[in-house]
Amino acid sequence: MVSSLIVPVIDVQNDNFKELWPAMVVAIKTSSFVALDTELSGLGNRKSLLAESIEDRYKAICHAARSRSILSLGISCYKKLNDKAADTYLVQVYNLTLLCSEEYIIEPQSVQFLVQHGFDFNKQYAYGIPYNKGNNKGASDDQGVHIRALFTELLRARKPLVLHNGLIDMAFLYQSFYAHLPERLATFTADLSEMFPAGIYDTKYVTEFELRLTASYLEYAYKKCKLDNSRSVTSGGAGPRVYVEFCQYAGHMSSYVDYRVCPAVASAEGQTDICQRFSAFGWCPNGTQCPLSHDTDLIVLQDEKGAGDKRRKRKRHREKKKGKGGAAEGSSICDDGPGSKVPHMEVDPKEAADDHHGAEQCPDRGLIMDSDGNTQPNEGGDMKSSSEGNGVCEDNPDFGDTATTATTDDDTTTKPSTVDGADNGGRENVSDHPPKTDDQKKKNDAGTHRAGFDAFMTGYIFAHSCVLIKKEGAGAVETEKEEEQSWLPTCLNKVYLSGKAAPLNIVKSTFSKSSKAHVQKMEMVWGGKM
């Protein structure tokens with residue numbers, strides 16, 4: 001039985017931050033890797049963010065990070081379960097609503113974009129978790145329960161950090177929760193290499209240069225990976241696949257959970273009303289007013305159909321050459337499906353000046369995008385899977401008996417749900433989470449866009465890519481330690497740069513030094529002063 005995927009996202013705000021703190025810290029410390037995503041109040045000058053000079057881009061990003069703020073932070077902790085089927089993860093997703101305590105710029109287009117996708121500014125100003133940017137603001141910043149302390153716990157955990165198109169994310173995280181951004185890019189990358197010794201991975205780079213997908217904006221990449229994973233599970237073969245488990249939240253803890261529903265996808269037959277601009281770049285200047293479909297699931301299926309048509313045309317072309325001396329069909333061979341897509345060059349040159357995630361970061365993405373490089377209007381509001389099976393697990397009534405996260409009271413005990421595919425031969429399970437209220441339904445109607453859910457998608461792409469590339473590379477069985485040290489060796493510390501053929505390498509070169517603020521901060525982090 002095929003059913004929709006349901007991802008539980010825990011809403012964290014100022015009135016429950018202290019209560020959820022222990023569980024979040026445990027989730028981070030026990031994870032195998034952590035995926036992050038941000039929603040921003042704006043990005044400033046878009047042309048500067050796409051400057052030819054990377055150093056000039058960095059200066060523009062620094063200006064944006066110092067004058068704008070993070071409105072929401074998504075954290076998705078993926079913990080590999082060694083006692084389950086291979087490549088099974090327990091995933092815990094948090095969506096933190098934040099409120100910068102200092103003056104900051106918020107751009108109208110960012111507000112419009114976020115409101116269209118369900119962001120509640122009233123809730124942000126009433127319950128947002130307060131924070132100050134830049135360097136520590138006295139003793140109070142070295143103790144207590146606050147967002148900067150949570151970021152320090154992330155650093156202390158020494159886990160691989162996963163982002164999607166993450167350069168702007170990292171700059172905002174550094175400025176908002178760590179210290180003032182250094183003036184030079186080389187100093188910034190040197191600091192990052194020491195802050196995250198387990199490595200930084202950019203799924204935008206992975207999907208562009210390793211998986212080589214037709215498009216690489218976040219929602220497209222996630223749905224393509226999920227669809228391929230689902231097919232691998234349901235085929236019953238030995239192909240690469242990843243399984244995901246979520247927790248079952250009981251008692252009043254359930255009131256903090258926003259269930260992100262992703263309906264199963266149907267056939268793409270007859271669906272030709274796809275917006276080609278959105279299909280190629282993940283955004284459309286008409287936004288939700290566009291009369292054409294922005295359904296990413298249908299776009300993925302249409303791309304696959306186009307690829308199949310292209311292969312058939314090439315085959316006919318070869319047969320013609322053999323049988324008739326070879327009349328050329330060159331021009332028609334390239335004329336398939338969504339041929340407007342340009343691999344490894346997601347920026348629409350005509351719209352470069354308007355690109356970015358106005359609501360977050362996104363130089364290569366489009367008008368107002370999220371920190372992942374796509375507007376994610378998702379008119380269909382869905383995230384669908386292949387015709388059968390879904391390599392991702394959902395909440396299930398048959399969950400285990402052991403609690404999986406540390407909690408502060410009995411009501412917040414969480415239990416793992418059964419992995420679909422692993423325990424049920426690839427079949428999906430119908431979830432037994434509490435019925436959604438009208439408010440929750442409205443949230444889901446607004447689309448899948450959210451920092452927490454975006455972080456989940458980013459982590460899923462990474463997990464799927466790891467198992468896919470590992471299987472393709474074939475080799476000896478690795479120990480757990482070796483595996484964790486080589487998640488994706490070819491993508492380690494490589495961050496995607498829009499419009500560039502080479503990534504930004506996060507390394508400390510012999511010609512660069514760490515910033516003074518970073519050195520002082522690291523002494524505090526590793527010295528346990530916080």
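Mentor: Let us begin with burial: a residue is buried under 20% relative accessible area, exposed over 50% and partly exposed in between, with a 1.4 Å probe and protein chains only. The model is predicted, so local features need pLDDT of at least 70 and side-chain atom pairs count only at pLDDT 80 or more, whereas totals for chains, interfaces and linings use all residues. Residues are numbered from 1 along each chain as its sequence is written, and side-chain values use heavy atoms, with hydrogens and water left out.

Trainee: Why is Phe196 called buried?

Mentor: Phe196 has a relative accessibility of 5%. The limit is under 20%, and Phe196 therefore counts as buried.

Trainee: What makes Phe151 and Phe196 an aromatic pair, and which geometry do they have?

Mentor: Rings of Phe, Tyr and Trp (its six-membered ring) pair if their centres lie within 6.5 Å; planes under 30 degrees apart are stacked, over 60 edge-to-face, and the rest tilted. For Phe151 and Phe196 the centres are 6.4 Å apart and the planes are at 75°, which gives an edge-to-face pair. Phe151 belongs to helix H6, while Phe196 is in the loop between helix H8 (185-195) and strand S7 (200-202), 45 residues apart. Helices (H or I, at least four residues) and strands (E, at least two) are DSSP runs, numbered from the N terminus.

Trainee: How many aromatic pairs does this rule give?

Mentor: The count is 26. Another of them is Tyr131 with Phe177, edge-to-face at 5.3 Å centre to centre and 70° between the planes. Tyr131 lies in strand S5 (residues 129-131) and Phe177 in helix H7 (residues 167-177), so this pair ties together parts that are 46 residues apart in sequence. Both Tyr131 and Phe177 are buried.

Trainee: Which residues does Leu150 contact, and what counts as contact?

Mentor: Contact means heavy atoms within 4.5 Å. Leaving aside neighbours within four places in sequence, Leu150 is in contact with Phe17, Trp21, Met24, Val25, Ile28, Ile75 and Leu96.

Trainee: How do you know that His464 is buried?

Mentor: His464 has 3% relative accessibility, and the limit is under 20%, so His464 counts as buried. Its place is in helix H15 (residues 451-473). Beyond neighbours within four places in sequence, His464 is in contact with Cys225, Asp228, Asn229 and Val242.

Trainee: What makes strand S1 a partner of strand S10?

Mentor: Two strands pair if DSSP finds at least two bridges between them. Six bridges join S1 (residues 5-12) to S10 (residues 257-262), and these strands run antiparallel; Pro8 stands opposite Tyr259 in S10. Four bridges join S1 to strand S4 (residues 88-100), and this pair runs parallel. In S4, Val93 is the bridge partner of Val9.

Trainee: Why is S1 called mostly covered?

Mentor: Eight of its eight residues are buried.
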